[in-house]
Amino acid sequence: MATDRGKPIAGPTYLVAWRRPDLNDQVSYGRFSLMILLFSLAIIAFQLALWFLKAKDYVGMDPDDAMRLVEVRDYLGGQGWFDLTQYRLGPDGGTLMHWSRLIDWPIATLVSLYAPFLSPHQAEVAAVATWPLLLVVPLLASIGLASYRLGGKGGMVIGLLLSVVFLAAIVRFRPGAIDHHNVQLVLAAFMTAMLIDPLARASNFAAAAVAGGLALAIGAETTPLVAVSAIVVAVLWAIDSERYRRAAIGFGLAFAAATGAIFFGTTPLGHYGSVTCDTLSLGYLSLATVGGAALAASAFVLTDKPIHIRFTALVLAGILVLATAILVAPECLQNPLNNLDPLLKSMWLSTIKEAQSIVAEMQHSPEDIGGFYAVGLLALAVCFMRIMRREQTIAHAILLALIGISWVVSALQVRGMMFANFLAFIPLSALIADLRALYVSRQKDSRAALAFVMAALLSVPAVWTMGGMAAFKAGDAIAGVPANRDAEDPDAEACVTEKRVADFARMPAGRILAGFNTGPALLRFTPHSVLAANYHRNQAGMIATLKIAMAKPQDALPMMEAQGVGYVLFCNDDPLVDLMKTKYPDGFLAQLGKGDVPGYLEEIPQRAAGLHIYQMIQR
């Protein structure tokens with residue numbers, strides 16, 4: 001299965017240097033663009049059809065999508081570029097959010113572009129439908145380029161097919177999915193494609209650095225991936241200094257410059273000296289500037305020095321970066337969520353599925369383990385095998401590092417599995433392409449056919465998910481365990497919708513005590529404020545909500561008055577209500593869920609089943 005794609009082709013090239021010398025395996029820029037367009041149109045058409053047939057709302061199902069829309073509306077309504085405070089979330093003064101205007105701006109721009117031709121509501125619908133679909137094109141272009149650089153034309157086609165199947169199964173690129181995680185995946189894929197350029201062009205490495213700076217600004221979840229990317233570039237230069245000299249200089253300077261430009265372009269003047277670990281602040285700016293400058297300077301000055309001198313320089317640069325972190329932002333050397341209040345860790349964070357570790361997933365949802373983690377592990381094994389066989393060693397070593405850190409992050413918090421799974425398609429597509437070539441050359445060899453089919457199937461996360469579900473269902477049936485009838489119904493109507501709270505939205509504005517999950521929807525559909533929602537920057541509001549919910553009804557009243565609560569809303573199926581019924585059955589929220597309404601509340605009549613809204617009685 002060894003190939004000769006490891007020999008770079010000298011001279012100018014549109015896309016790739018690691019490819020077969022066979023002219024039939026080369027793809028021109030025009031043909032590449034056409035293939036990306038066709039695959040993009042296919043998944044866009046599928047997502048639009050699914051949206052029109054099944055969607056109950058034009059905004060995505062994730063509460064973060066609703067919260068993003070609230071921020072976009074505020075921005076369009078005149079809230080400043082540098083003002084990220086959500087004034088209707090939390091206690092008096094609001095909550096300073098950690099989300100970036102870099103996502104708000106393109107969505108708001110789309111709304112403005114549609115506004116002359118559509119009604120305000122239709123323009124909003126069109127914008128939130130368009131944005132995630134537009135992201136499909138750069139995502140597939142990145143994965144197509146990376147797969148082509150590794151596996152030639154056949155690898156590119158297979159990489160695109162794996163990506164399209166994956167995108168059809170996840171919600172991040174469906175119309176209405178306007179949270180920032182889809183942009184992060186695009187940046188991660190683009191950064192990876194640039195780094196595996198075998199010609200080590202400075203322009204590609206600089207582009208990867210700019211993508212890394214954008215990723216840091218958009219969300220801290222990609223910080224480990226960006227950090228490992230920088231380490232990879234440094235090690236490549238230390239090992240092969242002549243080849244990677246310009247690449248290292250380009251990456252280092254671009255990373256420092258881009259991060260600085262984004263910081264000053266998105267951070268208000270009064271926060272220049274603040275250190276926050278969940279967004280681009282002085283802490284990350286310092287590390288990017290020092291690290292980028294140190295890498296560029298080392299590559300500029302020490303390229304002709306012996307390898308031990310180059311590695312010594314990198315060690316010293318690493319010590320300098322670590323010293324900067326300890327001096328400027330020591331708190332950022334750990335998970336930002338480690339500083340959460342213990343009450344929030346036990347009563348909130350432990351209940352969020354995407355924040356769970358692989359250990360917790362194995363305990364609560366073992367049928368999902370394969371879909372989350374198996375494809376990434378398979379890709380890591382393939383990369384290791386290729387390195388041992390000395391097949392495109394550098395490219396697979398880069399992928400091993402990037403997929404490896406993504407997999408480790410996903411093992412700590414399952415939300416990282418999207419990055420590990422998607423980047424895994426790059427080495428797996430090259431493997432499948434080679435197995436397909438082997439099968440074609442040995443058409444009567446059943447083992448070759450089986451290897452090709454099995455590799456293709458096992459590279460699809462959905463196959464592992466369906467297999468896990470089927471296996472556990474079969475195991476339960478054999479053991480006589482009844483089916484779970486409490487599983488969430490995907491067709492069930494959300495508790496808080498525009499229609500359900502239409503009358504409530506016309507009541508005098510006030511602060512609502514409600515479950516964390518309903519907060520963004522209430523901000524979207526009503527002019528009211530909410531005390532709490534699922535955001536760690538909203539610690540004060542969430543802690544106050546939990547303490548009120550746990551207190552006995554007579555003790556909850558002064559606590560609500562202190563927080564300026566005017567309304568209480570809860571849904572029968574709210575996870576917070578269920579949690580309180582179990583852990584604090586005598587508490588305010590549990591008693592309210594049993595129909596025991598204290599005298600200081602008056603229920604507002606509702607026609608919506610499962611939804612209860614109460615108004616505080618003025619004393």
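Author: One definition to start: helices and strands here are DSSP runs, numbered from the N terminus. Note also that this is a predicted model.

Reader: Which helix and which strand each supply at least two residues of the lining of the largest cavity?
Author: The largest cavity has a volume of about 50 Å³. Its lining includes Thr545, Ala549, Leu569 and Phe570. By class, that lining has seven nonpolar, two polar and no charged residues. The elements that each give at least two residues are α20 (539–550) and β5 (565–571).

Reader: How many charged residues does the lining of the second largest cavity have?
Author: This cavity holds about 30 Å³ of space. Among its lining residues are Glu71, Asp74, Asp83 and Arg101. Asp, Glu, Lys and Arg count as charged. Beside one nonpolar and three polar residues, the charged count is four.

Reader: What is the handedness of the crossing of α13 and α15, left-handed or right-handed?
Author: Phe372 and Val375 of α13 are among the contact residues, as are Phe425 and Leu428 of α15. The contact residues divide into 15 nonpolar, three polar and two charged. The crossing is left-handed.

Definitions and conventions. Residues numbered from 1 in each chain as written. Predicted model: local features only at pLDDT ≥ 70, side-chain atom pairs only at ≥ 80, totals over all residues. Heavy atoms only, no water. Left-handed = near helix turned anticlockwise from the far one by under 90°. Helix = DSSP H or I, 4+ residues; strand = E, 2+ residues; numbered from the N terminus. Contact = heavy atoms within 4.5 Å. 1 Å grid on protein atoms, 1.4 Å probe; cavity = no way out; pocket = protein on both sides within 12 Å on 5 of 7 lines; lining within 4 Å. Points joined across faces, edges and corners; volume = space filled by probe spheres on them.
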